[in-house]
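Here is a short note for someone opening this entry for the first time. Please keep the sequence and the 3D view side by side as you read.

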Amino acid sequence: MENSVSAPSFVSVQLHFYPPNPLNNKNIFQVFNFRPSPTHYPPKFTTTKKNYNNKKKKQKNLKKPFEEKDAFPSSLPLHSKNPRSIYNDIKRFARDNKLKEALTILDYVDQQGIPVNSTTFSALIAACIRTKSLAQGKEIHTHIRINGLENNEFLRTKLVHMYTSCGELEEAKKLFDGIAKGSVYPWNALLRGTVIAGRRNYVDVLRTYSEMRELGVELNVYSFSSVIKSFAAATALFQGSKTHALLIKNGLAGNYILRTSLIDLYFKCGKAMLARRVFDEITERDVVVWGAMIAGFVHNGMQREGLEFVRSMVEEGVEVNSVIVMSVLPAIGEVCAQRLGREVHAYVVKTKSYSKRVPIQSALIDMYCKCGDMSSARRVFYGSSERNVVCWTALMSGYALNGRLEQALRSTIWMQQEGFRPDVVTVATVLPICAQLRALDEGKQVHAYALKHWFLPNVSITCSLMVMYAKCGVIEYAERLFDGMEHRNVISWTAMIDSFVENGCLFEALGVIRSMQLSKHRPDPVAIARMLSVCGELKLVKLGKEIHGQLLKRNFAAVHYVSAELINMYGKFGDFNKAKLVFDAVPITGSMTHTALIRAYGYNELYQDAIELFDQIRSNGSSLSHFTFEAVLSICDRAGFVDDACRIFNLMPSYQIEANKEHFTIMIRLLTRYGQLEKAKRFMQMSSSL
């Protein structure tokens, strides 16, 4: 049948899922009644002595003499080449990141007693930095020692960069300590490698930077560039501002590279105006500076400003490149600017080299899906000859976003029929679809697939599984997954609270809240909002006030959905004055906080005040959502305000809000109760078309 949903073929046989029991010591495969594939554990072989001897004789007969061509197929004949040619062979392999072949030749020249020069080693270390190959880097370091070049300052500097890039900071510091501290280059290597190693090393970068300044090392453009990148990644605005001041003092603020880095720093710290000020000071702007501004606006949720900058860039005659295209397509999708999206698509088609790039194809699919144009998204998808699992996942997300959940689930079958294996992102995409469809069997198969391919323990997938089982009503599976997590974070705690709330287990959710408060994890705004909701439902006044104190201390009251839940909670407590005080303290009110206050009026039976507040919100031109209309109509239903309900219902089209089944149900119930059966019948006919 057309509407039937086939189970995704993540596994080739029907799997029987049994939830894990944390109380027994069975391994994970026994717990889930899932036999691992032969790739998980090496098979155990039992051979008799006779079979072993026969096998040994057979191997002896088949043994083939090892020749030089077997080791060096790309560099024959090595023995007839001079050292310079051999060095060129090693460098060629290094440029192609073929470290295994390069090291094989290096072993050969070592056996032959041929010395290797520093430039050859430099090329090999650069390849290790690019590929983050620590093991091969250590081998190259050994060869440098053998060749007596360990005290070569140039190579030591390169090795410091290599070790820091690969995360071996201790080894890098040992080498660094043996280098003269007067030159800036070893310091730059230590800084650059530490920055590449990741955000968690911000403190090390700051320490190195401070030490350089104390010792009087003259920092150059590359030193400051590495430092600013580290501050940007750690959103260290104070340190970044101090460094900007130092650049101005040293006369380096006008440097093109540093200005681009400063733009990136200010955007990542959420200071768009400061980034714009730096941009305005640049007289000659190329595509890199424009790209930094556009990406920064998009990163800060300022999509329209980013799109305006694209237009300004084109007007100034700067040619759009693939990086700009990749930055602007998500922004177009977010604001549903489909016409502009078609212009970008036309440019991509015109630039033939871009139209063949799979990342751009997947970005186009995602853009059309967000604009609600699935037919265009499908045309791009099926027009791509080199589509991959990313394109399939983008299309699947698009189907889900546009409410075509069954088709999204079928996509998992189609992509496998085309030969693509679902990856972690695909699994994370399909699990919420299973949750919305309450497709428990398919969700179990996805779970089995995730186990088979070692996607677990992945916190994101585990949380998605918990939510899926909770939505399907199997709360014990979600609880066992949570209990089996070795490393929990705020998201996993929140997912467990949501799972209990979804199944009406409010006291169990309260237990998770108390456990979270005793753990090392501090609640984020989402977790705080869930806690307030539970406190409101259970009328836990004391705990609710404690959580209110926590969110005030951490300045979460400015978050709209947190303030809305706080207003709801006090409304449910019957303390309308507190709810009104919270509302008045919100700096910028929106539809969420307005809706919460209307509900608070309803909880306290101040029905006429709720209607007056709704009319006041309308007259002020504030935004209204379908939740606002649902709250007001519910109050009219409880109070028996038939005329007000009809008037408010008729206002919905003027706010581009389509009535849903909940709105119709309220109206039908109210009209039927007060004897207006003809009107109720008309509403029933309208609701039947949904």
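How far apart are the end C-alpha atoms of residues 590-624, and how much of the span is helix?

1. **An annotated span.** Note first that this is a predicted model. In residues 590-624 the end C-alpha atoms lie 8 Å apart. The span is 74% helix and 0% strand. The unreviewed UniProt entry annotates residues 590-624 as "repeat: PPR". The annotation also covers residues 286-320, 388-422 and 489-523.

2. **Another annotated span.** Residues 489-523 are 74% helix and 0% strand. Their end C-alpha atoms are 10 Å apart.

3. **The core.** The largest nonpolar core has 211 residues. Phe-121, Leu-124, Ile-263, Ile-365 and Ile-598 have the most contacts inside it. Helix H21, residues 358-370, gives the most to this core, with 8 residues.

4. **Around Ile-598.** Look at what this residue touches, leaving aside neighbours within four places in sequence. Ile-598 is in contact with Ala-610, Leu-613, Phe-614 and Ile-617, among others. Its contacts also include Thr-628, Ala-631, Val-632 and Ile-635.

5. **Aromatic pairs.** The whole structure holds 18 aromatic pairs. In one of them, Tyr-449 and Phe-455 have ring centres 6.0 Å apart. Their planes meet at 65°, so the pair is edge-to-face. Tyr-449 and Phe-455 are both buried. Elsewhere, ring pairs join Phe-267, Phe-279, Trp-290, Phe-297 and Phe-309 into a cluster.

6. **Charges over rings.** The charged end of Arg-92 sits over the ring of Phe-93, 5.0 Å from the ring centre. Arg-387 lies over the face of Phe-381, and here the distance to the ring centre is 4.7 Å.

7. **A cis bond.** Most peptide bonds are trans. The bond from Leu-456 to Pro-457 is cis, with omega near 5°. Pro-457 is in the loop between helix H26 (440-452) and helix H27 (459-471). Please check this bond in the 3D view.

8. **Positive phi in loops.** Most residues other than glycine have a negative phi. Asn-555 has a positive phi of about 60°. Asn-555 is in the loop between helix H32 (541-553) and helix H33 (560-573). Is Asn-555 buried or exposed? Asn-555 is exposed, with a relative accessible area of 58%. Glu-605 also has a positive phi, near 60°. Its loop runs between helix H35 (591-603) and helix H36 (607-619). Glu-605 is exposed, at 59% relative accessible area.

9. **Helix H31.** How long should the 14 residues of H31 be at 1.5 Å a residue? Residues 525-538 should span 20 Å. The end C-alpha atoms are 20 Å apart, which agrees. H31 is mostly covered, with 10 of its 14 residues buried. Among the buried ones are Pro-525, Ile-528, Met-531, Leu-532 and Leu-538. Cys-535 and Gly-536 are buried too.

10. **What H31 packs against.** The buried residues of H31 pack against helix H29 (490-502) and helix H30 (506-518). They also pack against H32 and H33. Just after H31, Lys-539 takes a positive phi of about 55°.

Definitions and conventions:
Residues numbered from 1 in each chain as written. Predicted model: local features only at pLDDT ≥ 70, side-chain atom pairs only at ≥ 80, totals over all residues. Heavy atoms only, no water. UniProt positions renumbered as here; feature names shortened; annotations may be inferred. Helix = DSSP H or I, 4+ residues; strand = E, 2+ residues; numbered from the N terminus. Core = buried A, V, L, I, M, F, W, Y, C linked by side-chain atoms within 4.5 Å. Buried < 20%, exposed > 50% of the residue type's maximum accessible area, 1.4 Å probe, protein only. Contact = heavy atoms within 4.5 Å. Phe/Tyr/Trp six-rings, centres within 6.5 Å; stacked < 30°, edge-to-face > 60°. Lys NZ or Arg CZ within 6 Å of the ring centre and 35° of its normal. Expected span 1.5 Å × (residues − 1).
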